[in-house]
Amino acid sequence: MNFLEERIQKDGIVKEGNVLKVDSFLNHQMDIRLLEQMGEEFKRRFADVQVDKILTIEASGIGIACIAARYFDVPVVFAKKTQSINLDGEMYVAEVESFTHKCKNQVIVSKKFLKEGEHVLLIDDFLANGCALQGLLSIVAQAGAITEGIGIAIEKGFQSGGRIIRNLGYRLESLAIVDAMDAETGTVTFREQ
Ligand code: G4P
Ligand code: NA
Ligand code: NA
């Protein structure tokens, strides 16, 4: 097990409905030393890749992206979620459907902060169905920028997002892939990587 898998094993809580709570170190309270290890590991995995900018999505991707950005020495842009916006042409917009929350959101990024030809690394905390990530990919494409890779903290391997994104040909690195969870026993099973 790597450092993140060990931490999930130790402090993660398995809830009913295949939900993994990581509030005590990642999603609410944040263990900055752990985030530093994650940033270092993303840098190691994407060492051969040109990265001009990290793109993430509010809220819980931001902390991870910011610490990772220190290892890449690049700025972070976070996409904002809104329910409805006045389209003034200054924004890239993508529709994102949340299975968990059963709603549709718009994800927006100002055209000022993402430019044609920029090399982008996407970072997020969770990958489940991948809807949020698809929104970010759409925004990078709209900008004419290049998605060089995707770094995820925790991928839920039993949901479809990871498979879809890899099948599209993207380089996706997840620090921990959870293949199964059992709320009764609290067991988390990780995929061998
Ligand atoms: P998707 O983007 O992968 O399709 O995710 P989905 O709609 O299924 O999930 C909605 C939200 O729930 C996302 O956060 C996602 O990160 C988060 N999530 C999914 N599964 C888990 C889980 O097992 N544990 C935890 N802690 N979170 C999970 P969000 O609401 O869009 O963003 P944020 O504001 O929390 O960052
Ligand atoms: Na998130
Ligand atoms: Na979240």
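**View 1. Buried residues of helix 3 in the predicted model.** L35, M38, G39 and F42 are the buried residues of helix 3 (buried: 20 or more other C-beta atoms within 10 Å of the residue's own; exposed: 12 or fewer; partly exposed in between; C-beta atoms are placed from the backbone). Down the helix axis these residues fall within an arc of 100 degrees, so they line one face of helix 3; the arc is that of the directions from the helix axis to the C-beta atoms. An α-helix has 3.6 residues a turn, so residues three or four places apart point the same way. R33 and R44 are exposed on the other side of helix 3.

Residues are numbered from 1 along each chain as its sequence is written, and chains are lettered from A and ligands numbered from 1 in the order in which they are written. In this predicted model, local features need pLDDT of at least 70 and side-chain atom pairs count only at pLDDT 80 or more, while totals for chains, interfaces and linings use all residues.

**View 2. Span of helix 3.** Helix 3 covers residues 32-45, 14 residues, and reaches 20 Å from its first C-alpha to its last. This is close to the 20 Å expected at 1.5 Å a residue (1.5 Å times one less than the number of residues). Helices (H or I, at least four residues) and strands (E, at least two) are DSSP runs numbered from the N terminus.

**View 3. Cover over helix 3.** Helix 1 (3-11), helix 4 (61-72), strand 8 (146-156) and strand 9 (172-182) are among the elements covering the buried residues of helix 3, with contact meaning C-beta atoms, placed from the backbone, within 7 Å.

Methods:
Contact = placed C-beta atoms within 7 Å.
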